[in-house]
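Please consult the sequence and the structure shown below while reading.

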Amino acid sequence: MTDPRYQDPRRTVDAVWKLESAAVVATLTRMVRDVGVAEELAQDALVAALEQWPVTGVPDNPGAWLTTVAKRRAVDHLRRSARQERVYDRLAHEVDQEPEPEPEQPEQDDVLRLMFLSCHPVLPTAARVALTLRLLGGLAVAEIARAFLTGERVIARRIATAKRTLAEERVPFALPDGAELAERLSSVLEVVYLIFNEGYSATSGDDLLRPGLCHEALRLGRLLADLVPDEPEAHGLVALMEIQASRSAARTGPDGAPVPLHEQNRGRWDQLLIRRGFAAMLRARRAGGTPGPYVLQAAIAVCHARARTAEETDWPRIVTLYDALVQLVPTPVVRLNRAVAVGRAHGPEAGLAAIDALLDDPALRDYHLLPSVRGDLLARLDRPAEAHREFARAAALTGNAAERAFLLRRAAELADTDPLGPTLGTAAAEFLRRDDLDPATVRAYRQTLRRLRLALGDRLPLAELTAADVARVVTVAWGGAAAATWNRHRAGVRSFGAWAGLPDLATGLARRADPRPPAEPIPPALLEALWSRPDVPLRERTLWRLLHESAAGVRTVLSLDVERLDLVDRRARAGDRWVSWRSGTAQLLPELLAGRTRGPVFLADRRPAPARMPTAADLCPQTGRRRLSYERAEFLFKQATRSLDPTGRGFTLRQLKPRR
């Protein structure tokens, strides 16, 4: 009979690595004090296993084998790079004395230190998630990329940058203590729950669930709870994830469409996971202390799990728990969830009032669950036309294909007839097709109208569009923006209102004074230095010269199209005005155009991705590249002029305009 240790060793290596990688990397990090180097050394040990185990068979204690080999690699590294050779020789002697890998219990504190390190607040959230899955989950870059529907290069760069940041910031491989412990533990819990939520309710892609991420988050949560047994929030998070995961099989129908909680077949809920969640909740309560956010959310999940039917759910109790949660975490999403509970406990009118109080919150302006919940409450109040618009709006906001299809179906169930007269969506599209608008104006107006359409819904009858609705949407979106931005969107609303026969549409949008002082022109001597630089690309040289010689606005110049150029008379049509230039620009333009006859004059460096394809007016039909954006042009100019600017910040494109 074949020794089981020789059967499919590669699969064994993969399984062992996912279980043991956190302990191996943690041990090495303690030795070398650099998580990046530690991971490289751990990978060396993995390679050694892949080479040797197919030949020699899987060791009796594969985790100990990996740890020992990795430690030997670490000692070799320390011998090569460190100065304290005596200390390292002693470490090497200790390791060399080990004739065979003996079963060893990895130091739990090292794994906990690694958790705190990978979730350090110095890193952005996306980097913490990627690094945690890599170091503690043992996932390959390709696996993480697939899980988050992201390119491998993006994930690899994110992980590399995170490791470099930890090294540059000299983040210690140590356990926080005192007041810092609670804050740092909160960061770890947040990362684990973010991973779980992305698996439980995917924000993008075709499927609602990504079970691999749920499983990984549960494993990390259980590991964390074992490492900090006296922390009730760790057990609360595990209880919350166990109970939520128990509903996975019932959350989607045969076609993959989402099934709301109150419609789920509770016979399909996983009772083992529910019991594990209850047990974790008991451990959280035994740990004592005032219930924290995760314990309170777990208590809400327990209420749902205990109800044998949706009708038996103790909604008043859930509202009370949400009231306590709002006191601790007064976020818009928590308040939205509370509004759902209020709608179930006290009726849809009360729920709708709680929802409407959140409409002005900027954090929820693109959150698809706000119109989705509002649509459900309106449907329960027998207001089908309004509910239809809310479900359609929610469908436009979600990035998940399964949710979008579900929301569109709900909208279709409520719409029997088309609205009378033009709608916001059709009117906006017709308005933007006008021939008398130049491309720059169309782009600006499109941004304004897109926000109105997302916030109010394409199917809103134009006759029901009010100045109050518009003021609310514009204020939520751009209330904190600069005066120039606010005034640009105000102008878009006024123009659309005048065209649509709604002249009072911008009544609630007062014009703002621009506090910025006039841009100080770049001194002539510095301009000459700029013109004479040989390293400036042709596109930038032409753009800068044209801005200086024409004294036109940056957006106006960027909106120029090749077919509107009059190279002989040195001028071009831009909307209802002319832009003219002198000899410096005249010498550069023919070379920049390179035979092009149509499309934007100034093009971006790359072709746009399929998902971000611009309108035909902003796309060159000959090269496939899009129009150069204002933001990119400004960034490049600042970068190029830092060495010329006495402040070191770099000049702005507005400063190319000469003094009049």
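Which residues form one aromatic cluster with Phe431? The cluster consists of Phe431, Tyr445, Phe496 and Trp499.

## Basis of the report

The model is predicted: local features require pLDDT of at least 70 and side-chain atom pairs count only at pLDDT 80 or more, whereas totals for chains, interfaces and linings use all residues. Residues are numbered from 1 along each chain as its sequence is written, and side-chain values use heavy atoms, with hydrogens and water left out.

## Overall composition

The chain holds 28 helices and 5 strands; these are DSSP runs numbered from the N terminus, with helices being H or I of at least four residues and strands E of at least two. Of its 660 residues, 48% are buried. Here buried means under 20% relative accessible area, exposed means over 50%, and partly exposed lies in between, using a 1.4 Å probe and protein chains only.

Considering contacts between residues at least 6 apart in sequence, 64% join residues at least 24 apart. A contact denotes heavy atoms within 4.5 Å.

## Nonpolar cores

In soluble globular proteins, nonpolar side chains tend to be buried together. In this model the largest nonpolar core has 99 residues, a core being a set of buried Ala, Val, Leu, Ile, Met, Phe, Trp, Tyr and Cys residues joined through side-chain atoms within 4.5 Å. Leu28, Leu66, Leu114, Ile195, Phe196, Leu224 and Met241 have the most contacts inside this core. Helix α13 (residues 293–306) supplies the largest share, 10 residues. A second, separate core of 35 residues includes Val562, Leu592, Val601 and Leu656.

Leaving aside residues up to four places away in sequence, Phe196 touches Leu213, Cys214, Ala217, Met241, Gln244 and Ala245.

## Aromatic rings and charges

Rings of Phe, Tyr and Trp (its six-membered ring) pair if their centres lie within 6.5 Å; planes under 30 degrees apart count as stacked, over 60 as edge-to-face and the rest as tilted. The ring centres of Phe431 and Tyr445 are 5.7 Å apart and their planes are at 25 degrees, so this pair is stacked. Because Phe431 belongs to helix α20 (residues 424–432) and Tyr445 to helix α21 (residues 439–456), the pair ties together parts that are 14 residues apart in sequence. Both Phe431 and Tyr445 are buried.

Arg306 lies over the face of Phe278, at 5.8 Å from the ring centre. The charged end of Arg571 is placed over the ring of Trp578, 3.8 Å from its centre.

## Helix crossing

The axes of helix α25 (residues 538–550) and helix α27 (residues 583–593) come within 9 Å and cross at roughly 145 degrees. Axes are lines fitted to C-alpha atoms, for helices over the stretch in contact, with angles from 0 to 180 degrees between N-to-C directions. Residues making the contact include Leu538, Leu546 and Glu549 of α25 and Ser583, Leu588 and Leu592 of α27.

## Loop residues with positive phi

Most residues other than glycine have a negative phi. Arg170, in the loop between α8 and α9 (179–200), has a positive phi of about 50 degrees; Arg170 is exposed, with a relative accessible area of 73%.

Asp382 lies in the loop between α17 (369–380) and α18 (384–397). Its phi is positive, near 60 degrees, and Asp382 is exposed at 65% relative accessible area.

Terms used
Lys NZ or Arg CZ within 6 Å of the ring centre and 35° of its normal.
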